Amino acid sequence: MSDERILVLGIGNILWADEGFGVRVVEELEARYELPDHVRALDGGTQGLYLLPYLEEADAVIIVDAIDYGLLPASLKLLRDEEVPAILGARKVSLHQTGFQEVLALLRFRGCAPSRLWLVGVQPERLDDYGGGLTEAIAAQVEPALALVIDLLTTEFGVTVGRRRFAAGFTAPAISRAKYEAERPAAEEACRIGDARVLAGWR
Amino acid sequence: MTLQTPNGFSLDTSGKRIVVDPVTRIEGHMRCEVNVDSNNVIRNAVSTGTMWRGLEVILKGRDPRDAWAFVERICGVCTGCHALASVRAVEDALDIKIPYNAHLIREIMAKVLQWHDHVVHFYHLHALDWVNPVNALKADPKATSQLQQMVGPDHPMSSPGYFRDIQNRLKKFVESGQLGLFKNGYWDNPAYKLPPEADLMAVAHYLEALDFQKEIVKVHTIFGGKNPHPNYMVGGVPCAINMDGNMAAGAPLNMERLNFVHQRLTEAYAFSKNVYVPDVIAIASFYKDWLYGGGLSATNVMDYGDYELVPGDKKTDQLPGGVILNGNWDEVLPIDPRDPEQVQEFVAHSWYSYGDETRGLHPWDGVTEPKFQLGPKTVGTRTDIRELDEAAKYSWIKAPRWRGHAVEVGPLARYILAWGHNVTFVKDQINDAVGRFNTLAGTSLTPKQALPSTIGRTLARALEAHYCAKMMLDDFERLIGNIKAGDSSTANVEKWDPATWPKEAKGVGTVAAPRGGNAHWIKIRDGRIENYQCVVPTTWNGGPRDPQGNIGAFEASLMNTPMERPEEPVEILRTLHSFDPCLACSTHVIAPGGEEMARVTVR
């Protein structure tokens, strides 16, 4: 079905280093590619339950996110359908800690769960760097992840994706990746570490 | 051991300690510890924000006109109210007056956010503290229909067939083993008091609320260019008006779009009037014997005031601010966020350092220097704390005070203040709601008896949502009138260029955010941010003790509440959720298949 509605959803918090991966990949997608009307690229941030309207409208969803698979940092992983919710654990998309599983359950309860679900994930290297951008290794995975998304769109969904002729704003210019990372205050001015107890679990 | 706090609470730590970590169905990360006596009554409460959030510090040196885009990312829910506080702070610092259209559009966006947030909070995050979805399976759809027609006679979806359908869907869902949606429930706990019919009615409205949240957020897309992260702008709003324009994407605001907005606002008004408010009153009436949880709201409440009729004139606030102390509803003290003696933050019990920990700092002079240090009575280790030592530092939240007083903020605080200010619409709403509650419950409570409670907090939120729906319809009429009168201006860019700014400037922006008074303080030097401090509502409510030992709103609200079963903290969650806690989200990675459940430990 060529006109099924597809949502490409980047999630995560750009303020916590590699956590911003999903949003940054979708930012690149939107900046460089012309997408047909039935494909929507969305900066989901950490909006959890508030993303429900967009998920309900979609027949298929491609999520891009930083996920802890316990793999080597910067490993990319592609998952589909039932494999996805198990990975997107309870705290991941955390509007009031309504986990993604709960969002999916809600979609099923209402009879409008997407029929196809993909996840393009990266194993983050660093999260406890508040105000930081993507680490070098993770930044290097933006292009490959983007290529995976484009490949899914074209081969799996038969979408024609063209190069954009004019750059389009996606995230607000102030927090576009280049500006966000370039204008970062110095470490002595702005503490960059997180709470040891909260972060202890992932290290 | 008993400890008397200056603000009138008697803390006894001798009984069993119960630890709830994390507190679920909130935004961000929070832990709560209480001591209960031999009758399982809470005699000591400790509220801890477990997440470092130094948003302020990463803004240093950045362009003040960009700050809104960063603060919009503080958390997953209150995006718009931080962005609005931020642009207001910059406009205050640089003395920028925004056009009337921009004022009205911002007002509509703020009230849509308020309405939306309150509805989502009640049906998705708080209802399960009162409503038992499993019990709804036992309901008689006919009796449910009768209940619906009694409490909300103007709501069209009320037939027995409608409720039977909902019940069948719920049944199928539960039988398929997907109760995960309603997980973490203590469904056989006697703390649940609703008859099955009320449970079924609430489940039906939970589903209807989902449909509503979908529609109403489109208003943000229209005015803010996009959602879930709408655009804001220092000096106005980033949307042009051209009433004859077409509907092409990115085109200016036209009549067709405005009509669409009007329709959404009208539907919102009907929903809060016919469904949300009646639901809260009906549910509350079954909990008439559960008037716990008032805490500080019985004595001290605060808000900065918001919803000016005349832009820039705080005297025209439709929800006027101020402070009420000692439960004296007849006297509202004025609040000035600029006065260094009024709003101050303390860190004696917070994981920050000021050098002198007895001091309070006004936000313009605020310091955010982390110092993670545990007290000697802590049980456990730095990375696995089993019991906190609240005599020492115990939270990542600072303790803000107004002239040294601990106060509660939020819709209930605003409603008590509006009562004190004699705001007619609000007084009528409160009298009507308490009257309907009394009729259903067979009680004769006064507003002053009913409001300072967990139920009162939840009721005030519903009433405020409806007041916002009414006000945004008024704003809409004014917007149309102003545009028709020939004004299409939406931004004032006279001072867009930093070259026009003074070398140094400081300002403050306040917003009546869903969870309470939200304020951002900014200092600008040479066109860049020199200091930025946010004091958000949950800082006021969820903050720890101050150097004098006064406890904050969360801790106070839990005091003296009896628990049915200490190992099932329904009562703790119910009261904490009534504040709609928002502890600013941040990172949250979890291992594959990992499922974070609330851990409850009883010692």
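1. The crossing of helix 3 and helix 8 of chain B is left-handed. This is a predicted model, and the points below should be read as such. Helix 3 of chain B covers residues 100-126, and its axis comes within 12 Å of that of helix 8 of chain B, at a crossing angle of roughly 35 degrees.

2. The residues that meet in this pair are B:W115, B:V119 and B:F122 on helix 3 of chain B, and B:A268, B:S272, B:Y276 and B:V280 on helix 8 of chain B. By class, six of the residues in the contact of helix 3 with helix 8 of chain B are nonpolar, one is polar and none is charged. As background to the spacing of such residues, an α-helix has 3.6 residues a turn, so residues three or four places apart point the same way.

3. Helix 8 of chain B (residues 255-286) also packs with helix 10 of chain B (residues 424-441): their axes come within 9 Å and cross at roughly 40 degrees. Helix 8 of chain B is therefore oblique to helix 10 of chain B. The crossing of helix 8 of chain B with helix 10 of chain B is right-handed.

4. On the helix 8 side of that contact are B:V277, B:I281, B:A282, B:A284 and B:S285, and on the helix 10 side are B:A433, B:R436, B:F437, B:L440 and B:A441, in chain B throughout. The contact of helix 8 with helix 10 of chain B divides into eight nonpolar residues, one polar and one charged.

5. Helix 9 of chain B (residues 411-420) is mostly covered, with nine of its ten residues buried. The buried residues are B:P411, B:L412, B:A413, B:R414, B:Y415, B:I416, B:L417, B:A418 and B:W419. Their cover includes helix 10 and helix 12 (454-484) of chain B, together with strand 7 (301-308), strand 8 (317-324), strand 14 and strand 15 of chain B. After helix 9 of chain B comes B:N422, with a positive phi near 60 degrees.

6. B:K523 has B:N531 of strand 16 of chain B as its bridge partner.

7. Chain A has an open sheet of five strands in the order 3-1-4-6-5, with mixed pairing. The edges are strand 3 (39-45) and strand 5 (76-80) of chain A, which each pair on one side only. Direction ignored, neighbouring strands of this sheet are turned by 15 degrees against each other on average.

8. Strand 4 (residues 60-66) and strand 6 (residues 116-122) of chain A pair in the parallel sense, over seven bridges. A:I62 has A:W118 of strand 6 of chain A as its bridge partner. Helix 6 of chain A (residues 142-156) lies across strand 1 (6-11), strand 3, strand 4, strand 5 and strand 6 of chain A, and runs at about 165 degrees to strand 6 of chain A.

Notes: Residues numbered from 1 in each chain as written. Chains lettered and ligands numbered in written order. Predicted model: local features only at pLDDT ≥ 70, side-chain atom pairs only at ≥ 80, totals over all residues. Pairing = 2+ DSSP bridges. Helix = DSSP H or I, 4+ residues; strand = E, 2+ residues; numbered from the N terminus. Axes fitted to C-alpha atoms, helices over the stretch in contact; angles between N-to-C directions. Parallel < 35°, antiparallel > 145°, perpendicular 65-115°, else oblique. Left-handed = near helix turned anticlockwise from the far one by under 90°. Contact = placed C-beta atoms within 7 Å. Nonpolar A, V, L, I, M, F, W, Y, C, P; charged D, E, K, R; others polar. Buried ≥ 20, exposed ≤ 12 C-beta atoms within 10 Å, placed from the backbone.
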